[in-house]
Amino acid sequence: MAEVNLKNIRKSFDGNEVIHGVSLDIEDREFVVFVGPSGCGKSTLLRMIAGLEDITAGEIFIGDRCVNDLHPADRGAAMVFQSYALYPHMNVFDNIGFGLKLNKVNKVEIRRKVLDVAKILRIEELLDRRPSQLSGGQRQRVAIGRTIVREPSVFLFDEPLSNLDAALRVQMRMELEKLHERLQTTMIYVTHDQVEAMTMANRIFILNDGVIEQIGSPLEVYRNPTNLFVAGFIGSPRMNLISSSILGVQEKQLTIQLPGGKVLPLKRNTEDLGEGERLTLGIRPEHLKENKEGDEFFEGTVDVVEHLGNETYLYITDADKNLITLIAEGESNTQKGETVHMGFHHKHCHIFNADGEVIN
Amino acid sequence: MRYFGSLPGRGSSMVDSVYFLIAVSVVLIFVFPLYWGLSTSLRAPMDTFTVTGLGIPGIHFDPTLNNWLDQLVVPEMRKSIFNSIVISISSSFLALALGIPSAYALARFQFKLIQNRDITIWFLSQRVLPPVATVIPFYIVLQTFSLLDTHLALILINTTFTLPFAVVIMRQAFLDLPIELEEASMMDGARHFGAFWRIALPLSAPAVTATALIIFAFTWNELLFALVLSSKNAITIPMFIAGSFESRGVQFWFLSVRTMIAMIIPIFIALLAQRYIVRGLTLGAVKG
């Protein structure tokens with residue numbers, strides 16, 4: 001059991017800095033997810049915690065030990081790789097028991113532990129097989145088994161489900177959640193899949209370009225994104241981001257322009273804001289309604305209609321040529337080419353200033 | 001064995017036939033001299049120059065094992081076989097023992113002072129140098145150490161010349177291994193050496209075997225340095241064959257036996273080693 005603390009971690013490759021001073025605290029037994037687009041540095045950060053990547057500057061603590069100079073095996077962390085990384089020349093039993101064997105655990109004990117783990121993961125009947133004889137899901141279980149058996153204080157997962165098909169991914173996701181409940185161990189999980197992030201995490205760390213953009217519980221970052229990046233990254237389909245400008249500033253009230261020229265008054269902290277300033281209005285697709293429902297509405301023409309059965313996606317071009325996505329519940333009767341009046345409530349509006357920071 | 005001509009999407013049977021004819025012709029061009037050598041080795045000296053047609057034993061002449069029995073008891077023959085085996089196997093082991101760790105280091109570590117790529121090219125450049133240019137320096141060095149006409153001299157020289165093969169081939173083999181396997185083993189508690197010894201090396205067995213065979217064949221066939229550095233004790237098979245030109249001219253019947261023996265041993269070793277050259281050893285390690 002351990003907390004993980006990163007203090008001002010930096011990483012450069014050939015003088016090119018990719019992690020710019022990341023500090024974060026992960027509590028004992030917490031399940032946190034590092035999420036971000038490809039190349040944002042999330043895997044590098046995980047590999048630095050694991051000890052597979054050198055740290056250019058900063059300190060990493062696992063428990064109360066600074067692990068900067070410790071070998072990966074001495075950090076008390078175990079890692080599941082994206083590619084599974086099973087040893088192809090060993091059977092499943094030896095794959096799982098390899099770490100124990102290296103640590104000179106006696107054979108009887110190894111056998112007992114491997115069988116225990118195999119039971120938890122329901123892979124008892126696969127122990128004699130080679131990795132090449134396993135399906136993707138089975139390989140993933142073995143890879144997880146290999147980490148559990150060492151009883152680490154921190155589990156590290158590097159996009160472990162990205163090679164699985166959609167159905168299996170959902171199943172493994174639930175199994176990982178159960179596993180976390182059962183083992184009560186700190187888990188750090190890296191993914192670019194926001195569904196995994198939203199469903200599994202106690203807390204999400206959203207990374208972009210080597211910095212943390214926002215930290216919070218899944219619903220917190222979904223409801224209250226602190227900047228444009230998070231607003232656009234979390235949520236699928238992504239939040240509609242409409243560029244606009246300030247028409248008027250009064251105390252605690254802001255008037256902005258909607259596409260088509262309408263005026264939208266919003267209660268916001270107006271400090272440091274002035275007339276004419278550019279800003280971005282964000283509204284999630286599910287918060288837009290087809291029929292003027294809500295406090296305000298603006299018009300647009302439907303380009304594409306996608307029926308998903310339980311809901312309908314409408315892709316709409318508004319008067320200012322912004323591409324807007326609207327999610328209608330159930331089966332919508334709206335046809336391509338029709339004009340829709342997209343209604344919304346003030347409380348669902350997110351406003352970001354010219355620097356992309358949220359205005360509350 | 002799959003016959004590629006039958007794969008769907010291939011051309012017409014006419015095209016297949018042309019491919020087949022080309023393949024058979026190429027095989028014949030390579031195999032016929034071997035066959036002719038075998039045929040000659042089974043002939044009495046009288047038949048060597050008189051046999052007509054394809055020289056099929058039992059049809060065009062009466063085969064005899066006399067040449068073989070004669071040659072197998074010649075002391076130089078036995079000595080040269082023994083020497084060649086000792087020198088080739090020792091060189092293979094030595095070149096691999098030095099080359100594999102170098103190759104692994106070049107594949108997995110970044111050197112700062114001199115770039116990895118430059119070191120690799122330096123190794124390769126050793127093969128560009130014409131060996132004959134180094135004969136005299138090597139002769140003088142070995143003479144200084146009183147190593148002329150010894151096994152050790154030829155083992156060291158051949159290792160020097162085959163080491164670049166080992167480094168370049170094995171480096172590529174290690175580069176082709178998914179690094180996650182070694183990283184996983186390090187997370188499991190292995191140090192760098194453990195990751196190399198328990199994971200990378202076993203998984204590179206096919207490449208190790210192939211490299212060993214190449215070095216063995218190279219050393220087995222080496223003539224220049226054997227001729228210059230050996231005279232009596234450390235004679236090798238190629239030297240012995242090259243010396244078949246005697247005062248009575250070339251005795252083709254004996255020469256054929258020597259050539260056959262020189263070929264049979266590497267072929268036998270290659271067949272033994274073949275089972276280690278299996279493809280897809282890393283299948284199932286990572287996604288795929």
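Me: Where do I start?
Reply: The model is predicted, so local features need pLDDT of at least 70 and side-chain atom pairs count only at pLDDT 80 or more, while totals for chains, interfaces and linings use all residues. Residues are numbered from 1 along each chain as its sequence is written, chains are lettered from A and ligands numbered from 1 in the order in which they are written, and side-chain values use heavy atoms, with hydrogens and water left out.

Me: In what order do the strands of the open sheet in chain A stand?
Reply: Strands are DSSP runs (E, at least two residues), numbered from the N terminus, and two of them pair if DSSP finds at least two bridges between them. Here 6 strands of chain A form an open sheet, ordered E6-E7-E8-E3-E9-E10, with mixed pairing. Strands E6 (77-80) and E10 (211-216) of chain A each have a single partner strand, so one side of each lacks a neighbour in the sheet.

Me: How many bridges join E9 of chain A to E10(A)?
Reply: There are 5, and the two strands run antiparallel. Within this pair, A:Leu207 stands opposite A:Ile212 in E10(A).

Me: How many salt bridges does the rule find across the interface of chain B and chain A?
Reply: A salt bridge is a side-chain nitrogen of Lys or Arg within 4 Å of a carboxyl oxygen of Asp or Glu. The rule finds 2 between chain B and chain A. One of them links B:Arg191 to A:Asp74, with the closest N and O atoms 3.2 Å apart.

Terms used
Helix = DSSP H or I, 4+ residues; strand = E, 2+ residues; numbered from the N terminus.
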